[in-house]
Amino acid sequence: MLNAFTDVGTQVLVLFVLIGAGILLTKLGLITEAGSRTMTDVVLYAVTPCVIINAFQREYRPEMLWGLLTALLAAFLSLLFSVLLAELLYRKTEISRAVVLKFAVVFSNCGFMALPLQQAILGDDGVFYGAAFVAMFNIFMWTYGLLTMSRKKNAKAAIKAIVNPGVIGTVIGVILFACSIKLPTVLGSPVSMMAALNTPIPMLVIGYHLTRSDLRRVLTDKGAYFAMALRLIVLPLIALGVMTALHIDPVITVSVVIAVSSPVAAFTTMMATKYGRDTALSAGIVSASALFSLLTMPLVVGLAQYVTHLA
């Protein structure tokens with residue numbers, strides 16, 4: 001558990017350093033409203049598919065296929081349950097606030113926060129199953145998340161939700177893995193470099209919005225605390241209980257719990273920015289949940305390791 005605490009703490013501190021850089025650059029006038037929106041589009045439409053494709057660029061082993069399917073199913077059911085819970089809880093909440101709180105409950109920072117911790121605790125197999133969660137995350141984010149934030153329910157919006165960079169990246173990544181296709185250096189290196197932007201750019205954008213928001217608002221918002229409690233404690237414990245009861249492979253179980261227990265996804269602010277929702281609330285809840293995860297993630301992940309006998 002001590003190792004989990006150290007690894008999580010390091011990742012959170014890195015996040016806050018990058019957010020601080022975003023605040024400084026904003027104060028210096030180097031990040032503007034137009035610039036933050038442009039960076040948001042770059043992440044959503046270019047960086048995201050590269051993250052998925054890069055995650056599946058690993059050696060294919062037949063025995064990993066069943067594990068991959070299990071991890072994808074666990075991620076699907078976890079996200080689906082979160083969606084149903086969020087829709088039930090916030091059906092009467094004002095739209096601009098509701099969509100941010102729904103995102104906070106449903107979407108975790110399963111990329112930057114989870115993958116390094118999965119690597120540190122579980123090794124390459126943990127990262128592989130973590131990548132499966134990230135892939136399912138992107139499918140939900142670009143379907144349910146997009147439709148929720150945009151509030152567009154017509155056929156055109158539905159097609160856009162299905163055919164989008166996140167889903168396309170997932171399909172390409174899985175095909176490359178299943179067919180044991182390794183991208184040549186001339187393609188693989190650019191994809192890897194683009195994927196590396198998945199953390200710094202969103203954090204800079206959050207830093208920009210924090211300069212325009214009052215963090216005290218989130219820290220005195222009971223609704224925000226409730227959403228963060230669901231995200232950081234309740235949902236990961238439910239995932240752990242169900243997967244343990246079903247005797248799912250311990251490595252897959254702990255990998256999924258790490259992903260689910262991560263703080264609110266930076267994409268919450270990305271989407272809120274793009275569609276003009278409550279960006280102040282989104283930036284505050286992303287930052288506050290990352291801070292609280294310093295305590296909650298080590299405890300939840302340590303419990304998962306203990307229950308699955310991986311500690």
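I looked up the largest pocket of this predicted model and noted a volume of about 360 Å³. For a pocket I took an open set of points on a 1 Å grid over the protein atoms alone, where a 1.4 Å probe fits, with protein on both sides within 12 Å along at least five of seven lines; lining residues have an atom within 4 Å of a point. The volume is the space filled by probe spheres set on the points, which are joined across faces, edges and corners.

I recorded 18 lining residues for the largest pocket, with Val51, Asn54, Ala55, Leu115 and Val127 nearest its centre. I then assigned the lining to helices (DSSP runs of H or I, at least four residues, numbered from the N terminus). At least two residues each come from α2 (33–55), α5 (114–122) and α6 (124–150); α6 supplies the largest share, four residues. By class I noted ten nonpolar, six polar and two charged residues, with Ala, Val, Leu, Ile, Met, Phe, Trp, Tyr, Cys and Pro as nonpolar, Asp, Glu, Lys and Arg as charged, and the others, Gly among them, as polar.

I found two or more lining residues in each of α3 (62–89), α12 (222–245) and α13 (250–260). The most, seven residues, come from α3. In this lining I noted 13 nonpolar, three polar and no charged residues.

I number residues from 1 along each chain as its sequence is written. Totals for linings use all residues.

How values were computed: Predicted model: local features only at pLDDT ≥ 70, side-chain atom pairs only at ≥ 80, totals over all residues. Heavy atoms only, no water.
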